Amino acid sequence: RLDVAARNWINQGEAPGPRLLAASPEICATGCLGDFSALHQPRESIGLVADGADEVRRAVRLCIREGVDVIKINIGSDLIPTNMLTPEEDDILTTYSSAEVAACCEEAHALRKIVAAHSR
């Protein structure tokens with residue numbers, strides 16, 4: 001990850017720069033914004049797909065192993081099928097359950113990392 005490498009480079013005095021916090025890829029649920037894959041067209045995406053509390057915990061640990069300072073989680077409803085959205089509900093549907101979000105925060109905080117959420 002370039003942000004981890006850039007942060008390390010700045011911190012080692014190899015390059016001038018501001019204080020930099022390296023963020024993880026956004027952890028997202030299947031079908032959420034960040035999951036660009038499709039059954040007919042598998043491909044890498046910008047998100048790290050994790051479904052269920054245990055997978056979310058594993059994703060957090062994986063990101064921390066890679067040296068990030070901030071865990072990003074996507075809880076927004078951006079790719080929920082539009083036939084499920086109404087003007088009254090499009091800002092309250094989420095792609096992660098409370099248990100999954102809690103698992104992310106518990107794991108990150110236990111390892112002394114902060115969490116940022118992408119939401120509507």
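Buried here means under 20% relative accessible area, exposed means over 50%, and partly exposed lies in between (1.4 Å probe, protein chains only). These legends describe a predicted model, in which local features need pLDDT of at least 70, side-chain atom pairs count only at pLDDT 80 or more, and totals for chains, interfaces and linings use all residues. Residues are numbered from 1 along each chain as its sequence is written, and side-chain values use heavy atoms, with hydrogens and water left out.

**View A. Helix 2 along its length, residues 53-65.** Helices (H or I, at least four residues) and strands (E, at least two) are DSSP runs, numbered from the N terminus. The 13 residues of helix 2 reach 18 Å from first C-alpha to last, close to the 18 Å expected at 1.5 Å a residue (1.5 Å times one less than the number of residues). Just after helix 2, glycine 67 has a positive phi of about 100°.

View B. Val56, Ala59, Val60, Cys63 and Ile64 are its buried residues. They sit on the same side of helix 2 because they cover an arc of only 135° around the axis, taken from the directions from the helix axis to the C-beta atoms. An α-helix has 3.6 residues a turn, so residues three or four places apart point the same way. The face turned away from the buried side of helix 2 carries exposed Asp54, Arg58 and Arg65.

**View C. What the buried side of helix 2 meets.** Its buried residues pack against strand 1 (27-28), strand 2 (48-49), strand 3 (70-74) and helix 3 (98-110), with contact meaning heavy atoms within 4.5 Å.
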